[in-house]
Amino acid sequence: RRSSDLSLLMVDIDHFKNFNDTYGHQVGDQVLRLVASTLKSSVKGGDIVARYGGEEFGLILPKTSKENALKVAEQLRTNVSSKDIVNRSTGKVLGQIKMSAGVAEYKQNESLDDVLNRADKALYSAKNKGRDQVVVASDNLK
């Protein structure tokens, strides 16, 4: 509604289903909690982090251009991948989390569905390009 920048990030944990199937749902839930807390602690106060089903998260970044949102997404990806997943019952390190992200900047008069669709397409582009990376949506994607 305002003329200031606003960007949307769509984030997905790479190969989460395989991880969940291999180590079980309790460990999978631990991974989801770790990613959520890392995302929340890594963004500024006015940013919104929400789980968007399964292993996907959406982040709304008010007053953030797509260039700055790209920097935020890369920092989030780095912060998440620096964490070890540890099986709490055995103490065994199971690995690190990798994630992919798509970035879209809101355009004046654009619908919520359009900006969400562009961010989602950018996310799937990141996954198709090999995962563990961030892709910025092109302005003409719908």
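**View 1. Leu-59 and its contacts in this predicted model.** Let's start with one residue and look around it. Setting aside neighbours within four places in sequence, Leu-59 touches Ser-7, Leu-8, Leu-9, Val-11, Leu-39, Val-43, Ile-48, Val-49 and Leu-76.

**View 2. The largest nonpolar core, with 27 residues.** Two or more residues come from each of β1 (6–13), α1, α2, β3 (56–62), α3 (66–81) and β6 (99–105). Which element gives the most to this core? That is α2, with 6 residues. Another core, of 11 residues, lies apart from this one and includes Leu-8, Val-115, Ala-119 and Ala-126. As a general point, nonpolar side chains in soluble globular proteins tend to be buried together.

**View 3. Helix α1 (residues 16–23) meets helix α2 (residues 25–42).** Their axes come within 6 Å and cross at roughly 135°, which means that α1 is oblique to α2. On the α1 side, the contact is made by Phe-16, Phe-19, Asn-20 and Tyr-23, and on the α2 side by His-25, Val-27, Gly-28, Val-31 and Leu-32. Sorted by class, this contact has 6 nonpolar and 3 polar residues, with no charged ones.

**View 4. The aromatic pair of Phe-19 and Tyr-23.** Searching the whole structure turns up 1 aromatic pair. The ring centres of Phe-19 and Tyr-23 are 4.8 Å apart and their planes stand at 55°, so the pair is tilted. Both residues lie in helix α1, 4 residues apart, which is about one turn of the helix. Phe-19 is buried, with a relative accessible area of 16%, whereas Tyr-23 is partly exposed at 34% relative accessibility.

Key
Residues numbered from 1 in each chain as written. Predicted model: local features only at pLDDT ≥ 70, side-chain atom pairs only at ≥ 80, totals over all residues. Heavy atoms only, no water. Axes fitted to C-alpha atoms, helices over the stretch in contact; angles between N-to-C directions. Parallel < 35°, antiparallel > 145°, perpendicular 65-115°, else oblique. Contact = heavy atoms within 4.5 Å. Nonpolar A, V, L, I, M, F, W, Y, C, P; charged D, E, K, R; others polar. Phe/Tyr/Trp six-rings, centres within 6.5 Å; stacked < 30°, edge-to-face > 60°. Buried < 20%, exposed > 50% of the residue type's maximum accessible area, 1.4 Å probe, protein only. Core = buried A, V, L, I, M, F, W, Y, C linked by side-chain atoms within 4.5 Å.
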